[in-house]
Amino acid sequence: MNEQVQKLVNNLIQIEHVSSTLYLAMSNYMNKLNYRGMGTWLRLQSEEERTHMLKLIDYLVDRGGTVELSSLPAQPSEYGTPLETFQKVLEHEKFVTNSYRQAYEYVNQANDQQTLIIIQEFLKEQVDEEAQSQTIVDRLRLAQNNPAAILILDQELGQRKPIGPTGGAGAGA
């Protein structure tokens with residue numbers, strides 16, 4: 001495996017690792033505010049990001065690469081209103097999508113077809129990640145700080161199921 005591609009995959013591993021801890025911190029914050037459904041949704045999102053990280057780690061090891069886990073930045077303990085929190089989720093998902101797009105462009109130029117395939121899988125999943133986040137943001141905007149509407153959305157988000165063994169995203173928005 002090309003050394004630059006290995007560094008790129010390690011960077012994606014770090015992004016997924018940070019994503020997992022970010023969503024776990026957000027989950028804890030929503031639970032603290034007693035939005036247990038949103039907390040559940042974010043906890044499951046954290047687990048999904050960890051699954052992505054592990055998939056990339058396994059891929060790198062299978063290709064004979066070296067996994068380099070970096071230290072994680074501390075996450076904030078507060079994220080504002082539910083709307084502000086999920087706006088941060090959407091912003092982060094757009095960052096992740098852009099990171100995979102850049103990785104795709106580099107790996108395509110490096111002509112590493114195997115890595116290109118795994119990055120394509122993640123890019124495809126990012127469509128759903130952004131769509132779910134956007135739907136939640138849109139619905140929170142629609143609620144306009146109406147406590148009853150926010151609690152109904154909270155209850156709905158709490159019905160999200162864990163990802164399946166195939167790694168597909170859980171429903172919930």
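**Entry 1**

Are W41 and F86 buried or exposed? I looked them up, and both W41 and F86 are buried (buried means under 20% relative accessible area, exposed over 50% and partly exposed in between, with a 1.4 Å probe and protein chains only).

Before going on, I noted the ground rules. This is a predicted model, in which local features need pLDDT of at least 70 and side-chain atom pairs count only at pLDDT 80 or more, while totals for chains, interfaces and linings use all residues. Residues are numbered from 1 along each chain as its sequence is written, and side-chain values use heavy atoms, with hydrogens and water left out.

**Entry 1: the whole chain**

I found five helices and zero strands in the protein chain. Helices (H or I, at least four residues) and strands (E, at least two) are DSSP runs, numbered from the N terminus. From that end on, the elements run α-α-α-α-α. The radius of gyration of the protein chain is 17 Å, close to the 16 Å of the globule rule for 173 residues, so the chain is as compact as a globular protein of that length. That radius is taken over C-alpha atoms, and the rule is 2.2 Å times the number of residues to the power 0.38.

I also noted that the C-alpha trace spans about 55 × 25 × 25 Å along its principal axes. Buried residues make up 45% of the 173 residues. Of the contacts (heavy atoms within 4.5 Å) with a separation of 6 or more, 77% are between residues 24 or more positions apart.

**Entry 2: aromatic pairs**

How many aromatic pairs does the count come to? The count comes to three. The rule pairs rings of Phe, Tyr and Trp (its six-membered ring) if their centres lie within 6.5 Å; planes under 30 degrees apart count as stacked, over 60 as edge-to-face and the rest as tilted.

One of them joins Y29 and Y79, edge-to-face at 5.9 Å centre to centre with 65° between the planes. I see that this pair links distant parts of the chain: Y29 is in helix α1 (residues 3-32) and Y79 in the loop between α2 (36-62) and α3 (82-110), 50 residues apart. Both Y29 and Y79 are buried.

Then I went back to W41 and F86. Their ring centres are 5.6 Å apart and their planes are at 65°, so the pair is edge-to-face. This pair also links distant parts of the chain, with W41 in helix α2 and F86 in helix α3, 45 residues apart.

**Entry 3: G80**

I looked up G80 in the loop between α2 and α3. G80 is partly exposed, at a relative accessible area of 26%. Neighbours within four places in sequence aside, G80 is in contact with Y29, M30, L33 and T85. The C-alpha atoms of G80 and M30 are separated by 9.4 Å, although the two are 50 residues apart along the chain.

What does T97 touch, not counting residues up to four places away in sequence? I found L123, Q126 and E130. T97 lies in helix α3 and counts as buried at 4% relative accessibility.

My last stop was M1, in the segment before α1. M1 is partly exposed, with a relative accessible area of 32%. Leaving aside neighbours within four places in sequence, its contacts are Q6, Y59, L60, R63 and T115.
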